[in-house]
Amino acid sequence: MTLEGKLLIGQQAISGQQADIKAVNPATGETLQPTYAGGGKAEVERACELAEAAYGIYRETSLEDRAVFLETIANEIDAIGDELTERGVAETGLPEARLQGERGRTCGQLRLFANVVRAGEWLDVRIDPAMPDREPMPRVDLRQRHIGLGPVAVFGASNFPLAFSVAGGDTASALAAGCPVVVKGHSAHPGTSELVGRAIQRAVAKCNLPEGVFSLLFGSGKEIGQALVADPRIQAVGFTGSRSGGTALMATAQARPQPIPVYAEMSSINPVFLLPEALKARGKAIAEGFVGSLNMGAGQFCTNPGLVIAVQGPELDAFVEAAGEGVKGSAAQTMLTPGIHDAYQQGVGRLANHAKVTEVARGQAGDTAHPCQAGLFVTQAEAFLSEPALQEEVFGATSLVIACTDAQEVARVAAQLEGQLTITLHMDDGDLEAARQLLPTLERKAGRILANGWPTGVEVCHAMVHGGPYPATSDSRTTSVGSAAIFRFLRPVCYQALPEGLLPEALRDGNPFGVSRLVDGKRE
Ligand code: NAP
């Protein structure tokens, strides 16, 4: 397909009038064609108007029609073929195999949500039948279901050009909830975004849905991104990116006459605790696994292990030495964008120049335009506890080891951690008691707690939580990965004493949708 460099608004492809967006191949520095003229307020207005018009019809689509729509998007993305992964490689510097895996995950997510929609549990139907004879007061008939919030703005993430971009987890869960979506495409991969956006456009047409169910805008985040979140028709926001971008959008959403929820995933350093028995028994093997996880995707995963915490001593020294060797042997990988590369260099520089931080090892220097040279640093818990800046995310393959004097200091470090997406424990049977002591603190800090694994590689399933307290996300009550992500874009409505003919189908007598319902407190 020839890329046109246009915004996709409903079924139209429109040329923007604002500053150009040009993708750059981060491996070569070459500018990629075509140029995407950025959209402005007029395009935001049109996309939101269409989304609002579509909402009334789309939110009441049958479970089957909505599920088929999600499956049609997946089929259309699959049908793009190699062009999608080739363009993705050129725009991100990620390897072909990664892009292929990500396409599988993207389409898998859409199909998972299709099944979730069909099952209808998300409707959370509750019926408390009338009790006219109840004493001292009768009870009226009360019925509850969930509806989609309304049009949702989604910001594509730079680090998952497929799985967390135009048709990624935020879009899939919002569409599953019955919400039209307006995507602000990430400026680093507009071509990949256009290909996927056109696949969604085709699915909308094939499924005879109103065109405003989906639009894709390109342009400056500070302009169209802000305008989108400020638009009164937008009812929720999904975002993955920097803490500054996420908090700016939260501020805009809160300052609206009608504030709206922002589900922003921002920054997490994913601490890894090495408990004493595990460290003693298999420190070297843990070091190997750690270096593999650290280098995955050039460290540009939100779940990258950026902090390692353990009690000091010969076992920790052996771990640091083995991990340092692994880091030294790590080949440089291309980073996603020049901006992310610059931010990484600055972050590593902050650690390297810090008086209380020691450099253990640096990886191989690369010869691509924007290489990520891996890094490992070490400091004492005392320094970490007194300097909050040492908790700042360095987005890339760099990690900081915190050496603690004893288990009490490990507990103090745990208590001082900011909110995280994940916390990992490496532990053996002999560490059970130490882990039990830490767990109540860790639960307050992270959305996912793992034992003897690595946080990178997030399973898309029903039990996953990819979320956590601020700054990992802006709202710790939810997840952005897995089927529970649908609940971010739903709200309950209770219907009191409505005549049967006015009730939504899911709530009518006889259970026409055939979904699980809580009737008078009992699951049916
Ligand atoms: P970003 O700069 O936050 O940009 C993400 C999206 O938000 C882009 O579409 C951007 O628009 C928009 N945006 C940024 N600031 C905005 C603002 N003030 N108002 C409205 N929209 C705004 O993130 P990035 O480009 O992906 O990467 C930059 C840094 O973010 C990385 O170095 C890393 O530190 C962090 N990051 C973290 C994660 C994570 O999962 N933890 C993932 C990715 C990135 P433009 O098109 O104008 O840029």
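The model is predicted: local features need pLDDT of at least 70, side-chain atom pairs count only at pLDDT 80 or more, and totals for chains, interfaces and linings use all residues. Residues are numbered from 1 along each chain as its sequence is written, and side-chain values use heavy atoms, with hydrogens and water left out.

**The ligand site**

The ligand takes up the space of the largest pocket. A pocket is an open set of points on a 1 Å grid over the protein atoms alone, where a 1.4 Å probe fits, with protein on both sides within 12 Å along at least five of seven lines; a molecule sits in it if more than half of its atoms lie within 2 Å of its grid points.

Around the ligand there are 26 residues, of which Ser-158, Lys-184, Ser-187, Ser-242 and Met-266 come nearest. The shell divides into nine nonpolar, 13 polar and four charged residues; Ala, Val, Leu, Ile, Met, Phe, Trp, Tyr, Cys and Pro count as nonpolar, Asp, Glu, Lys and Arg as charged, and the others, Gly among them, as polar.

The table gives polar contacts, meaning pairs of N or O atoms within 3.5 Å.

| Residue | Protein atom | Ligand atom | Distance |
|---|---|---|---|
| Gly-221 | backbone N or O | oxygen | 2.7 Å |
| Gln-226 | polar side-chain atom | nitrogen | 2.9 Å |
| Met-266 | backbone N or O | nitrogen | 2.6 Å |

On its own the ligand has 860 Å² of accessible area (Shrake-Rupley method, 1.4 Å probe), and the protein covers 83% of that area.

Domain 1 (7-266 + 476-488) and domain 2 (271-451) both contribute residues to the shell, so the ligand lies between them. The domain bounds come from an automatic or database domain assignment.

**Backbone features**

Most residues other than glycine have a negative phi, and most peptide bonds are trans. The bond from Gln-33 to Pro-34 is cis, with omega near -5°. The bond from Glu-135 to Pro-136 is also cis, with omega near 5°. Asn-452, not a glycine, has a positive phi of about 55°.

Definitions and conventions
A residue is near a molecule or strand if one of its heavy atoms lies within 4 Å of it. A polar contact is a pair of N or O atoms within 3.5 Å; within protein, one must be able to donate a hydrogen and the other to accept it, and residues adjacent in sequence count only if both atoms are side-chain atoms. On a 1 Å grid over the protein atoms alone, a cavity is a set of points where a 1.4 Å probe fits but cannot get out, and a pocket is an open set with protein on both sides within 12 Å along at least five of seven lines; lining residues have an atom within 4 Å of a point.
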